[in-house]
Amino acid sequence: MISRYTAEIGTATLTAGLGLAAVIGALEFGIGWGDAGPESGTFPFYMGLLVVLASVGTLVQATVGRKGLQSVFLHKEEAMRVASFFLPMLAFVVVSLLLGLYMATALYLAFVMWAQGKYRPVVSIASGVAAAVIFYVLLEVAFQVPLLKGPLEAALGIY
């Protein structure tokens, strides 16, 4: 189980890190005033700085009010439900990088329909493959928007 205090500290730390990444990235583009006005990193810099400051405020607030934040934020059962949705999405990202978006879409949809939706494997696999084919025809053929492809598309000559 995770306490509310732990969740507050973890979230504030994560958002501070994201804000800091925005600040550092914005510095590469410049945050000063150029000939045409503010440089391109100015707005992201200040937004990142605002996120960092808000995160520090949350860290201070959580630390000062630690006694009031001891209630349970997430039980084991709830964490398992969250993981059952998060882990397949994480796998989708990894498989997309390895096998391409169309294969990842087919595998993700088939797995989620089977594991979470309790559909029969045949229906799940057929739906996953159909969705990937429809996405390919719609995006690649009709709208001519190329997406990340993997080794299967290369083997089939679809590039």
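Select Tyr136 to begin: Tyr136 is partly exposed, at 24% relative accessible area. Here buried means under 20% relative accessible area, exposed means over 50%, and partly exposed is anything in between, computed with a 1.4 Å probe on protein chains only.

The model is a predicted one, in which local features need pLDDT of at least 70 and side-chain atom pairs count only at pLDDT 80 or more, while totals for chains, interfaces and linings use all residues. Residues are numbered from 1 along each chain as its sequence is written, and side-chain values use heavy atoms, with hydrogens and water left out.

**Stop 1**

A search of the whole structure finds four aromatic pairs. Rings of Phe, Tyr and Trp (its six-membered ring) pair if their centres lie within 6.5 Å; planes under 30 degrees apart count as stacked, over 60 as edge-to-face, and the rest as tilted. Helices (H or I, at least four residues) and strands (E, at least two) are DSSP runs, numbered from the N terminus. Tyr102 counts as buried, at 6% relative accessibility.

**Stop 1**

**Stop 2: two loops with positive phi**

Most residues other than glycine have a negative phi. Select Lys118, in the loop between α4 (101-115) and α5 (121-142). Lys118 is not a glycine, yet its phi is positive, about 60°. Lys118 is exposed, at 65% relative accessible area.

Next select Gln144, in the loop between α5 and α6 (151-155). Gln144 also has a positive phi without being a glycine, about 55°, and counts as exposed at 65% relative accessibility.

**Stop 3: helix α1**

Select residues 4-29, which make up α1. The helix has 26 residues and reaches 38 Å from its first C-alpha to its last, close to the 38 Å expected. The expected span is 1.5 Å times one less than the number of residues. Colour Tyr5, Ala7, Ala12, Ala16, Gly19, Val23 and Ala26, the buried residues of α1. What covers them includes β1, α2 and β4 (72-74).

Within this set, Ala16 has 17% relative accessibility. Leaving aside neighbours within four places in sequence, Ala16 is in contact (heavy atoms within 4.5 Å) with Val52 and Ser55. For a sense of scale, the C-alpha atoms of Ala16 and Gly157 are separated by 45 Å. Gly30 follows α1 and has a positive phi, near 90°.

**Stop 4: helix α2**

Thr42 lies in helix α2 (residues 42-64). The end C-alpha atoms of α2 are 33 Å apart, in agreement with the 33 Å that its 23 residues should span. Its buried residues are Thr42, Phe45, Gly48, Val52, Ser55 and Ala62, and their cover includes α1 and β3 (37-38).

Zoom in on Thr42, buried at 14%. A polar atom of its side chain lies 3.1 Å from the backbone oxygen of Ile31, and the backbone oxygen of Glu39 lies 3.0 Å from a polar atom of the Thr42 side chain.

**Stop 5: strand β1**

Finish at Ser3, in strand β1 (residues 2-3). Ser3 counts as buried, at 17% relative accessibility. Its side chain makes a polar contact with the side chain of Thr6, at 3.0 Å. A polar contact is a pair of N or O atoms within 3.5 Å; within protein, one must be able to donate a hydrogen and the other to accept it, and residues adjacent in sequence count only if both atoms are side-chain atoms. Beyond its neighbours within four places in sequence, Ser3 is in contact with Leu69, Gln70, Ser71, Val72 and Phe73.
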